[in-house]
Amino acid sequence: MANIKKVLAPADLSNHCKVGVQYALELAQAQDSEVVIFNVLTVEETPYPQAEEAWIVQQTELPKLKKALEQRKLLLHDFVSHSFADLLANTRVRQEVVIGTPYKKIIEKAEHEGFDMIVMSTHGRTGLLHMLIGSVTERVVRRAPCPVLAVPLHPKIRSQV
């Protein structure tokens with residue numbers, strides 16, 4: 001088995017993503033790895049939802065955008081510290097928030113920092129909803145530069161979180 005030293009754990013701050021983040025933290029403890037819990041603020045969630053993504057990314061010093069990023073960083077910190085306090089004590093964890101399209105930013109992050117694995121949960125969408133919205137996890141699996149562990153929301157797994 002490969003030596004896993006860096007794990008990327010995308011987190012959209014939903015209850016569904018807790019399953020993936022927990023797996024990432026447990027894997028990191030077992031492998032003595034670092035985990036980066038990674039959140040992407042989408043263009044629609046910024047104060048400039050009609051603007052182009054490239055323009056918004058370049059404007060991170062605008063007061064409204066800076067405030068939105070700081071608020072999201074606080075939300076991510078609260079989400080992680082409240083949901084996984086017992087797993088944080090013995091794990092090297094970094095938390096990051098960026099602006100963009102989730103699957104693209106996850107792939108860019110994995111490529112840029114040389115992650116050994118991406119661990120993320122699936123939302124379990126099927127049928128028409130899956131066709132209309134698509135799946136961030138599915139897109140990441142198809143394009144990732146490293147192995148991806150896609151953790152399903154099976155009732156047995158959900159009850160462990």
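Student: How many salt bridges does the count come to?

Tutor: The count comes to eleven salt bridges. Keep in mind that this is a predicted model.

Student: Okay, which residue does Glu45 form a salt bridge with?

Tutor: Glu45 pairs with Arg72, and their closest N and O atoms are 3.0 Å apart. Glu45 sits in the loop between E2 and helix H2 (53–58), while Arg72 belongs to helix H3, so the pair ties together parts that are 27 residues apart in sequence.

Student: And is Arg72 buried or exposed?

Tutor: Arg72 is buried, with a relative accessible area of 12%.

Student: Which residues are linked in a network of salt bridges?

Tutor: The network links Lys6, Glu34, Arg94, Glu96, Lys109 and Glu113. Within it, Arg94 forms a salt bridge with Glu96, and the closest N and O atoms of that pair are 2.6 Å apart. Arg94 counts as partly exposed, at 28% relative accessibility.

Student: Switching to the sheet. In what order do the strands come?

Tutor: Five strands make an open sheet, in the order E3-E2-E1-E4-E5, and the pairing is parallel. The edge strands are E3 (92–99) and E5, each of which pairs on one side only. On average, neighbouring strands of this sheet are turned by 20° against each other, ignoring direction.

Student: Remind me, how do strands of a sheet pair?

Tutor: Strands pair through backbone hydrogen bonds, and the arrangement can be parallel or antiparallel.

Student: How many residues of E4 are buried?

Tutor: Five of the five residues in E4 (residues 117–121) are buried, so this strand is largely enclosed by the rest of the structure.

Student: And which residues are on each side of E4?

Tutor: Met117, Val119 and Ser121 are on one side, with Ile118 and Met120 on the other; both faces are covered. As a general point, side chains in a regular strand alternate between the two faces of the sheet.

Student: Which strands does helix H3 lie across?

Tutor: Helix H3 (residues 63–83) lies across E2 and E3, and runs at about 150° to E3. Helix H7 (residues 136–143) also packs on the sheet, touching E4 and E5, and its direction makes about 160° with that of E4.

Student: New topic: where does Ser33 lie?

Tutor: Ser33 lies in the loop between helix H1 (17–31) and strand E2 (34–41). With 1% relative accessibility, Ser33 counts as buried. A polar atom of the Ser33 side chain lies 2.3 Å from the backbone oxygen of Ile4. Beyond its neighbours within four places in sequence, Ser33 is in contact with several residues, including Ile4, Val7, Ala28 and Thr91.

Student: What's the phi of Asp32?

Tutor: Phi of Asp32 is near 55°, a positive value in a residue other than glycine. Asp32 is in the loop between H1 and E2, and counts as exposed at 52% relative accessibility. Leu13 has a positive phi too, about 70°, although it is not a glycine. Leu13 lies in the loop between E1 (6–10) and H1 and is partly exposed, at 23%.

Note on methods. Residues numbered from 1 in each chain as written. Predicted model: local features only at pLDDT ≥ 70, side-chain atom pairs only at ≥ 80, totals over all residues. Heavy atoms only, no water. Helix = DSSP H or I, 4+ residues; strand = E, 2+ residues; numbered from the N terminus. Buried < 20%, exposed > 50% of the residue type's maximum accessible area, 1.4 Å probe, protein only. Polar contact = N/O pair within 3.5 Å; in protein donor to acceptor, adjacent residues only side chain to side chain. Contact = heavy atoms within 4.5 Å. Pairing = 2+ DSSP bridges. Axes fitted to C-alpha atoms, helices over the stretch in contact; angles between N-to-C directions. Salt bridge = Lys/Arg side-chain N within 4 Å of Asp/Glu carboxyl O.
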